[in-house]
Amino acid sequence: MKVEAIKNGTVIDHITSNKSLHVLKILGLPNEDTNVTIAMNVFSDEVGRKDIVKIENRELDSSELDQIALLAPEATINIIRDYEVIAKDKVRFTNELKSIINCTNPNCITNADEPIESRFHLLKTSPILLRCHYCERLIDVEEIDNQFY
């Protein structure tokens, strides 16, 4: 089966193998208004196995890219306009992540009935390690993955 090019939208390439469905969940896809194409566990010379997601007529915002970086730190984002790649870049980690994941410490102020958004500081990118701004709990890649499943 041939996968057609998209006229306008975003292609997320080099997603960690078998994580594309979690990326779709972050993005609230699929929905009635957006065409999505997924390739899972395909061969890649660069990374061995990868997933690819094509999203028509949608460009991702920075908070969505931050979340994708947590699940697929090697992902590449391609912006497509009139069938041409106009921008291509790797996802980047920001030093501070807000409202993307929850602190796993049940006693953290962000898990109380207070209107406080979660905030994490990035300590390491490989493997990912975050520290809660409020309670200083360390969050590793396994705990991050569990929040997206």
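In this predicted model, β5 contributes the most to the lining of the largest pocket, with 4 residues. The elements that give two or more residues to that lining are β5 (84-90), β4 (76-81) and α2 (62-71). The pocket holds about 170 Å³ of space. Its lining consists of Ser62, Leu65, Asp66, Ile77, Ile79, Ala87, Lys88, Asp89, Lys90, Val91 and Arg92. Sorted by class, these are 5 nonpolar, 5 charged and 1 polar residues.

Next comes the nonpolar core. The largest nonpolar core has 32 residues, and the members that touch the most others are Ile12, Leu27, Ile68, Leu70, Ile101, Leu130 and Ile144. At least two residues of this core come from each of β1 (9-16), α1 (20-27), β3 (48-56), α2, β4, β7 (119-125), β8 (128-132) and α3 (141-148). The core lies between domain 1 (9-90) and domain 2 (96-146), because both domains give residues to it.

The last region to follow is the annotated one. An unreviewed UniProt entry places the feature "domain: Aspartate carbamoyltransferase regulatory subunit C-terminal" at residues 97-144. In the model, the span 97-144 is 35% strand and 8% helix, and its end C-alpha atoms lie 12 Å apart. Ile144, the residue at which the UniProt feature ends, is one of the core members that touch the most other members.

Methods: Residues are numbered from 1 along each chain as its sequence is written. This is a predicted model: local features need pLDDT of at least 70, side-chain atom pairs count only at pLDDT 80 or more; totals for chains, interfaces and linings use all residues. Side-chain values use heavy atoms; hydrogens and water are left out. On a 1 Å grid over the protein atoms alone, a cavity is a set of points where a 1.4 Å probe fits but cannot get out, and a pocket is an open set with protein on both sides within 12 Å along at least five of seven lines; lining residues have an atom within 4 Å of a point. Grid points are joined across faces, edges and corners, and a volume is the space filled by probe spheres set on the points. Ala, Val, Leu, Ile, Met, Phe, Trp, Tyr, Cys and Pro count as nonpolar, Asp, Glu, Lys and Arg as charged, and the others, Gly among them, as polar. UniProt positions are given in the numbering used here, feature names are shortened, and annotations may be inferred rather than shown by experiment. A nonpolar core is a set of buried Ala, Val, Leu, Ile, Met, Phe, Trp, Tyr and Cys residues joined through side-chain atoms within 4.5 Å. Buried means under 20% relative accessible area, exposed over 50%, partly exposed in between (1.4 Å probe, protein chains only). Domain bounds come from an automatic or database domain assignment.
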